[in-house]
Amino acid sequence: MSIIHVSNIKKSFGNIEVLKNISFEVNKQEVVAVIGPSGSGKSTMLRSLINLERVDNGDIRINGDYLVKNGKYSNSQDVKKITRNMGMVFQHFNLFPNLTVIENLEIAPKVVAGKGITDVHNKSMELLEKIGLTDKKDVYPSKLSGGQKQRVAIARALMMEPEILLFDEPTSALDPELTGEVLKVIKLLAEERMTMIIVTHEMEFAKEVANKIIFMDNGYILENGSTEQLFDNPQLDRTKAFLNKQY
Ligand code: ADP
Ligand code: MG
(Lines give C-alpha, C1' and ligand atoms only; values in the text may rest on other atoms or scores of the structure.)
(Ligands and ions follow the chains in the order given, each with its own letter.)
Protein backbone atom coordinates (compact mmCIF):
# COMPACT_ATOMS: atom_id res chain seq x y z
CA MET A 1 0.00 0.00 0.00
CA SER A 2 1.12 3.55 -0.60
CA ILE A 3 2.50 5.42 2.41
CA ILE A 4 1.36 8.78 1.00
CA HIS A 5 -1.88 9.02 -0.88
CA VAL A 6 -2.94 12.44 -2.17
CA SER A 7 -6.11 12.83 -4.16
CA ASN A 8 -7.62 15.90 -5.78
CA ILE A 9 -6.17 18.48 -3.43
CA LYS A 10 -6.81 22.13 -4.16
CA LYS A 11 -5.43 25.18 -2.42
CA SER A 12 -5.93 28.89 -2.96
CA PHE A 13 -4.19 31.89 -1.47
CA GLY A 14 -6.87 34.57 -1.62
CA ASN A 15 -8.46 34.14 -5.02
CA ILE A 16 -5.37 32.63 -6.62
CA GLU A 17 -5.55 28.87 -6.93
CA VAL A 18 -2.02 27.48 -6.57
CA LEU A 19 -2.81 23.75 -6.28
CA LYS A 20 -5.44 22.98 -8.87
CA ASN A 21 -6.16 19.29 -8.63
CA ILE A 22 -3.20 17.36 -7.37
CA SER A 23 -3.18 13.57 -7.02
CA PHE A 24 -0.25 11.22 -6.51
CA GLU A 25 0.95 8.31 -4.46
CA VAL A 26 4.25 7.46 -2.87
CA ASN A 27 5.13 3.91 -1.90
CA LYS A 28 7.24 2.93 1.05
CA GLN A 29 10.97 3.26 0.34
CA GLU A 30 10.42 5.26 -2.81
CA VAL A 31 12.38 8.41 -3.56
CA VAL A 32 10.27 10.91 -5.46
CA ALA A 33 11.74 14.06 -7.00
CA VAL A 34 9.40 16.97 -7.63
CA ILE A 35 10.54 19.26 -10.41
CA GLY A 36 9.03 22.24 -12.17
CA PRO A 37 9.38 25.96 -12.66
CA SER A 38 9.39 28.42 -9.81
CA GLY A 39 5.88 29.33 -8.66
CA SER A 40 4.32 26.07 -9.83
CA GLY A 41 3.18 25.05 -6.33
CA LYS A 42 5.92 22.59 -5.34
CA SER A 43 6.53 24.08 -1.89
CA THR A 44 2.83 24.52 -1.19
CA MET A 45 2.21 20.87 -2.08
CA LEU A 46 5.06 19.68 0.13
CA ARG A 47 4.08 21.92 3.04
CA SER A 48 0.50 20.66 2.79
CA LEU A 49 1.65 17.11 3.46
CA ILE A 50 3.05 18.09 6.84
CA ASN A 51 0.23 20.53 7.70
CA LEU A 52 2.28 23.72 7.29
CA GLU A 53 -0.36 24.71 4.74
CA ARG A 54 -4.00 23.69 4.78
CA VAL A 55 -5.67 22.53 1.59
CA ASP A 56 -9.23 23.57 0.70
CA ASN A 57 -10.33 20.34 -0.95
CA GLY A 58 -9.32 16.75 -1.42
CA ASP A 59 -7.73 13.97 0.62
CA ILE A 60 -4.29 13.44 2.10
CA ARG A 61 -3.69 10.02 3.62
CA ILE A 62 -0.48 9.07 5.39
CA ASN A 63 -0.07 5.38 6.21
CA GLY A 64 -3.78 4.98 5.58
CA ASP A 65 -4.78 7.68 8.08
CA TYR A 66 -6.61 10.73 6.82
CA LEU A 67 -4.87 14.01 7.54
CA VAL A 68 -7.68 15.58 5.55
CA LYS A 69 -10.67 13.99 3.88
CA ASN A 70 -12.80 15.91 1.38
CA GLY A 71 -11.21 19.13 2.63
CA LYS A 72 -12.08 18.38 6.24
CA TYR A 73 -9.15 17.99 8.63
CA SER A 74 -8.88 15.36 11.33
CA ASN A 75 -8.85 16.62 14.91
CA SER A 76 -5.65 18.30 16.05
CA GLN A 77 -4.52 15.32 18.12
CA ASP A 78 -4.73 13.02 15.11
CA VAL A 79 -3.15 15.62 12.83
CA LYS A 80 -0.18 15.80 15.20
CA LYS A 81 0.12 12.04 15.32
CA ILE A 82 -0.05 11.73 11.54
CA THR A 83 2.41 14.50 10.74
CA ARG A 84 4.88 13.12 13.27
CA ASN A 85 5.60 10.39 10.74
CA MET A 86 7.29 13.03 8.60
CA GLY A 87 10.33 15.25 8.88
CA MET A 88 11.05 18.26 6.72
CA VAL A 89 14.25 19.92 5.57
CA PHE A 90 13.98 23.48 4.27
CA GLN A 91 15.95 25.52 1.79
CA HIS A 92 17.14 27.89 4.51
CA PHE A 93 18.00 25.25 7.14
CA ASN A 94 15.93 26.90 9.94
CA LEU A 95 18.35 25.87 12.69
CA PHE A 96 17.95 27.47 16.11
CA PRO A 97 20.77 30.06 16.15
CA ASN A 98 20.98 30.20 19.94
CA LEU A 99 21.51 26.44 20.29
CA THR A 100 24.66 24.44 19.54
CA VAL A 101 24.65 21.75 16.89
CA ILE A 102 23.97 18.96 19.35
CA GLU A 103 21.34 21.02 21.16
CA ASN A 104 19.62 21.59 17.81
CA LEU A 105 19.47 17.84 17.36
CA GLU A 106 18.27 17.00 20.84
CA ILE A 107 15.68 19.68 21.51
CA ALA A 108 12.68 18.19 19.68
CA PRO A 109 12.93 14.61 20.97
CA LYS A 110 13.48 15.95 24.48
CA VAL A 111 10.49 18.30 24.30
CA VAL A 112 8.10 16.07 22.37
CA ALA A 113 6.96 13.28 24.62
CA GLY A 114 5.76 9.89 23.54
CA LYS A 115 8.22 9.25 20.77
CA GLY A 116 9.90 6.52 22.78
CA ILE A 117 13.43 7.47 21.89
CA THR A 118 15.19 5.96 24.84
CA ASP A 119 18.58 7.48 24.49
CA VAL A 120 18.49 10.85 22.79
CA HIS A 121 22.18 11.44 23.29
CA ASN A 122 23.29 8.16 21.73
CA LYS A 123 21.07 8.91 18.78
CA SER A 124 22.41 12.43 18.28
CA MET A 125 26.02 11.22 18.47
CA GLU A 126 25.27 8.49 15.98
CA LEU A 127 23.68 10.94 13.54
CA LEU A 128 26.52 13.45 13.93
CA GLU A 129 28.89 10.73 12.91
CA LYS A 130 26.71 9.82 9.97
CA ILE A 131 26.77 13.40 8.64
CA GLY A 132 30.48 13.73 9.44
CA LEU A 133 30.13 16.57 11.94
CA THR A 134 31.01 15.00 15.28
CA ASP A 135 33.77 17.58 15.75
CA LYS A 136 31.26 20.43 15.36
CA LYS A 137 28.82 19.23 17.99
CA ASP A 138 29.38 22.11 20.40
CA VAL A 139 29.57 25.00 17.95
CA TYR A 140 26.75 27.38 17.07
CA PRO A 141 25.19 27.34 13.59
CA SER A 142 26.73 30.73 12.72
CA LYS A 143 30.13 29.03 12.73
CA LEU A 144 29.08 26.48 10.10
CA SER A 145 29.14 26.64 6.32
CA GLY A 146 25.81 26.38 4.49
CA GLY A 147 26.51 22.78 3.59
CA GLN A 148 27.28 21.91 7.19
CA LYS A 149 24.12 23.69 8.36
CA GLN A 150 22.02 21.70 5.94
CA ARG A 151 23.60 18.42 7.05
CA VAL A 152 22.72 19.35 10.65
CA ALA A 153 19.16 20.15 9.55
CA ILE A 154 18.89 16.68 8.00
CA ALA A 155 20.23 15.04 11.16
CA ARG A 156 17.81 17.07 13.25
CA ALA A 157 14.90 15.83 11.16
CA LEU A 158 16.15 12.25 11.55
CA MET A 159 16.23 12.54 15.35
CA MET A 160 12.46 12.11 15.42
CA GLU A 161 12.79 8.85 13.50
CA PRO A 162 10.38 9.85 10.74
CA GLU A 163 9.15 7.31 8.23
CA ILE A 164 9.14 9.95 5.50
CA LEU A 165 11.50 12.84 4.84
CA LEU A 166 10.46 15.87 2.82
CA PHE A 167 13.08 18.17 1.29
CA ASP A 168 12.25 21.57 -0.18
CA GLU A 169 15.15 22.58 -2.44
CA PRO A 170 17.76 21.50 0.09
CA THR A 171 20.69 22.79 -1.96
CA SER A 172 19.22 25.93 -3.55
CA ALA A 173 20.66 28.28 -0.92
CA LEU A 174 24.15 26.78 -1.14
CA ASP A 175 27.22 27.77 -3.09
CA PRO A 176 27.69 25.19 -5.85
CA GLU A 177 30.80 23.70 -4.23
CA LEU A 178 28.76 22.87 -1.09
CA THR A 179 25.84 21.07 -2.74
CA GLY A 180 27.78 17.81 -3.12
CA GLU A 181 28.20 17.16 0.60
CA VAL A 182 24.45 17.59 1.18
CA LEU A 183 23.44 15.46 -1.80
CA LYS A 184 25.81 12.77 -0.52
CA VAL A 185 23.90 12.55 2.77
CA ILE A 186 20.57 12.34 0.92
CA LYS A 187 21.99 9.64 -1.31
CA LEU A 188 23.08 7.69 1.75
CA LEU A 189 19.52 7.87 3.09
CA ALA A 190 18.20 6.65 -0.25
CA GLU A 191 20.55 3.67 -0.04
CA GLU A 192 19.11 2.96 3.40
CA ARG A 193 15.66 2.94 1.76
CA MET A 194 14.30 6.02 3.49
CA THR A 195 11.06 7.19 1.88
CA MET A 196 11.66 10.71 0.58
CA ILE A 197 10.05 13.45 -1.47
CA ILE A 198 12.62 15.93 -2.74
CA VAL A 199 11.77 19.18 -4.47
CA THR A 200 14.88 19.98 -6.45
CA HIS A 201 16.39 21.84 -9.39
CA GLU A 202 19.32 19.42 -9.48
CA MET A 203 18.27 17.31 -12.45
CA GLU A 204 21.35 15.09 -12.47
CA PHE A 205 20.81 14.35 -8.80
CA ALA A 206 17.10 13.62 -9.37
CA LYS A 207 18.05 11.23 -12.14
CA GLU A 208 20.54 9.46 -9.94
CA VAL A 209 18.59 9.15 -6.70
CA ALA A 210 14.86 9.19 -7.54
CA ASN A 211 12.68 6.26 -8.58
CA LYS A 212 9.85 8.52 -9.59
CA ILE A 213 9.53 12.07 -10.90
CA ILE A 214 6.63 14.46 -10.53
CA PHE A 215 6.63 17.40 -12.92
CA MET A 216 4.55 20.34 -11.68
CA ASP A 217 3.59 23.40 -13.65
CA ASN A 218 1.15 26.17 -12.80
CA GLY A 219 -0.56 24.28 -9.97
CA TYR A 220 -0.93 21.00 -11.82
CA ILE A 221 0.99 17.76 -11.94
CA LEU A 222 1.53 17.60 -15.67
CA GLU A 223 3.55 14.42 -15.73
CA ASN A 224 4.30 11.74 -13.20
CA GLY A 225 6.26 8.60 -13.90
CA SER A 226 9.37 6.56 -13.44
CA THR A 227 12.64 8.46 -13.62
CA GLU A 228 13.66 6.75 -16.86
CA GLN A 229 10.33 7.43 -18.49
CA LEU A 230 10.19 11.05 -17.51
CA PHE A 231 13.73 11.98 -18.47
CA ASP A 232 14.17 9.72 -21.50
CA ASN A 233 10.68 9.76 -22.90
CA PRO A 234 8.67 12.76 -21.65
CA GLN A 235 5.15 12.77 -23.02
CA LEU A 236 4.35 16.46 -23.12
CA ASP A 237 5.97 19.30 -25.01
CA ARG A 238 5.80 21.34 -21.81
CA THR A 239 7.88 18.73 -19.97
CA LYS A 240 10.38 18.53 -22.82
CA ALA A 241 10.75 22.31 -22.87
CA PHE A 242 11.33 22.42 -19.11
CA LEU A 243 13.91 19.63 -19.21
CA ASN A 244 15.71 21.20 -22.17
CA LYS A 245 16.07 24.46 -20.29
CA GLN A 246 17.62 22.69 -17.30
CA TYR A 247 20.60 21.24 -19.11
P1 ADP B 1 7.22 26.74 -5.96
O2 ADP B 1 7.67 26.12 -4.69
O3 ADP B 1 6.96 25.76 -7.06
O4 ADP B 1 8.12 27.84 -6.41
P5 ADP B 1 5.10 27.83 -4.32
O6 ADP B 1 4.32 26.70 -3.77
O7 ADP B 1 6.07 28.48 -3.41
O8 ADP B 1 5.79 27.40 -5.69
O9 ADP B 1 4.10 28.96 -4.80
C10 ADP B 1 3.03 28.73 -5.67
C11 ADP B 1 2.24 30.01 -5.83
O12 ADP B 1 1.63 30.33 -4.62
C13 ADP B 1 3.10 31.20 -6.23
O14 ADP B 1 2.38 31.99 -7.12
C15 ADP B 1 3.29 31.92 -4.91
O16 ADP B 1 3.47 33.29 -5.11
C17 ADP B 1 2.00 31.62 -4.17
N18 ADP B 1 2.16 31.59 -2.72
C19 ADP B 1 2.94 30.72 -2.04
N20 ADP B 1 2.81 30.93 -0.71
C21 ADP B 1 1.94 31.95 -0.56
C22 ADP B 1 1.39 32.63 0.57
N23 ADP B 1 1.70 32.27 1.83
N24 ADP B 1 0.52 33.62 0.34
C25 ADP B 1 0.15 33.97 -0.92
N26 ADP B 1 0.63 33.37 -2.02
C27 ADP B 1 1.51 32.37 -1.85
MG1 MG C 1 9.39 26.44 -3.61
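Here is a short chat about the sheet and helices of a predicted model.

User: Hi! What order do the strands of the sheet come in?

Analyst: This is a predicted model, and in it five strands make an open sheet, ordered 2-1-4-5-6, with antiparallel pairing.

User: Which strands stand at the edges?

Analyst: Strand 2 (16-27) and strand 6 (72-73). Each has a single partner strand, so one side of each has no neighbour in the sheet.

User: How many bridges are there between strand 4 and strand 5?

Analyst: Three bridges, in the antiparallel sense, join strand 4 (residues 57-62) to strand 5 (residues 65-69). Across that pair, Ile62 sits opposite Asp65 in strand 5.

User: OK, helices now. Which strands does helix 1 lie across?

Analyst: Helix 1 (residues 42-49) lies across strand 1 (2-13), strand 2, strand 4 and strand 5, and runs at about 60° to strand 2. Helix 2 (residues 76-83) packs on the sheet as well, where it touches strand 4 and strand 5, and its direction makes about 120° with that of strand 5.

User: Switching topic: at what angle do helix 3 and helix 5 pack?

Analyst: About 25°, with the axes of helix 3 (residues 101-111) and helix 5 (residues 146-159) 8 Å apart. That angle is why helix 3 counts as roughly parallel to helix 5. The crossing of helix 3 and helix 5 is right-handed.

User: And which residues meet there?

Analyst: From helix 3, Val101, Asn104, Leu105, Glu106 and Pro109 meet Val152, Ala155, Arg156 and Met159 of helix 5. The residues of that contact are six nonpolar, one polar and two charged.

Terms used:
Residues numbered from 1 in each chain as written. Chains lettered and ligands numbered in written order. Predicted model: local features only at pLDDT ≥ 70, side-chain atom pairs only at ≥ 80, totals over all residues. Heavy atoms only, no water. Pairing = 2+ DSSP bridges. Helix = DSSP H or I, 4+ residues; strand = E, 2+ residues; numbered from the N terminus. Contact = heavy atoms within 4.5 Å. Axes fitted to C-alpha atoms, helices over the stretch in contact; angles between N-to-C directions. Parallel < 35°, antiparallel > 145°, perpendicular 65-115°, else oblique. Left-handed = near helix turned anticlockwise from the far one by under 90°. Nonpolar A, V, L, I, M, F, W, Y, C, P; charged D, E, K, R; others polar.
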